[in-house]
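Have a look at the sequence and the 3D view, then read on.

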Amino acid sequence: MTKTETQQDISLLNTNLSNARSENESYEDYRARLKRNKDILSTYFAVGREGFREMFPNGVADAITEAQAQMVKDKVEETE
């Protein structure tokens, strides 16, 4: 694997995959992040690098942000 491919993989994942809890992270956020990381890695290993790039061309963090924004939008529409 070349240096460029490694950088592309890092930018593809662009999320905190560390198992360590940061100082300013609540326990609930920490547990949610661990579960999300487990799901991300299982998907990555199941479909492979190229399949993962096709699924998330802008990276995982961008997909997570878009999904959260869509959930908020759906919740607002539900209350109206």
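## The largest pocket

Let's start with the largest pocket, whose lining is made up of R36, D39, I40, T43, F52, F56, V60, A63, I64, A67, Q68 and M71. A pocket here is an open set of points on a 1 Å grid over the protein atoms alone, where a 1.4 Å probe fits and protein lies on both sides within 12 Å along at least five of seven lines; lining residues have an atom within 4 Å of a point. There is about 180 Å³ of space in the largest pocket, with volume taken as the space filled by probe spheres set on the points, which are joined across faces, edges and corners.

Which helices supply at least two residues each to this lining? They are helix 2 and helix 3 (60–79), and helix 3 gives the most, with six residues. By type, the lining splits into eight nonpolar, two polar and two charged residues (Ala, Val, Leu, Ile, Met, Phe, Trp, Tyr, Cys and Pro count as nonpolar, Asp, Glu, Lys and Arg as charged, and the others, Gly among them, as polar).

Residues are numbered from 1 along each chain as its sequence is written, and side-chain values use heavy atoms, with hydrogens and water left out.

The protein's mean pLDDT (the predictor's confidence in each residue, from 0 to 100) is 81, and 82% of its residues reach 70 or more. Where pLDDT is low, the predicted coordinates should not be read in detail.

## The overall layout

The protein has three helices and zero strands, running α-α-α from the N terminus on. Helices (H or I, at least four residues) and strands (E, at least two) are DSSP runs, numbered from the N terminus.

Of the 80 residues, 18% count as buried, meaning under 20% relative accessible area, with exposed over 50% and partly exposed in between (1.4 Å probe, protein chains only).

## Inside helix 2

Leaving out residues up to four places away in sequence, N37 touches N16, L17 and S18 (contact means heavy atoms within 4.5 Å).

Y27 and Y30 sit three residues apart in helix 2 (residues 27–55), about one turn of the helix. Y27 is partly exposed because its relative accessibility is 46%, while Y30, at 15%, counts as buried.
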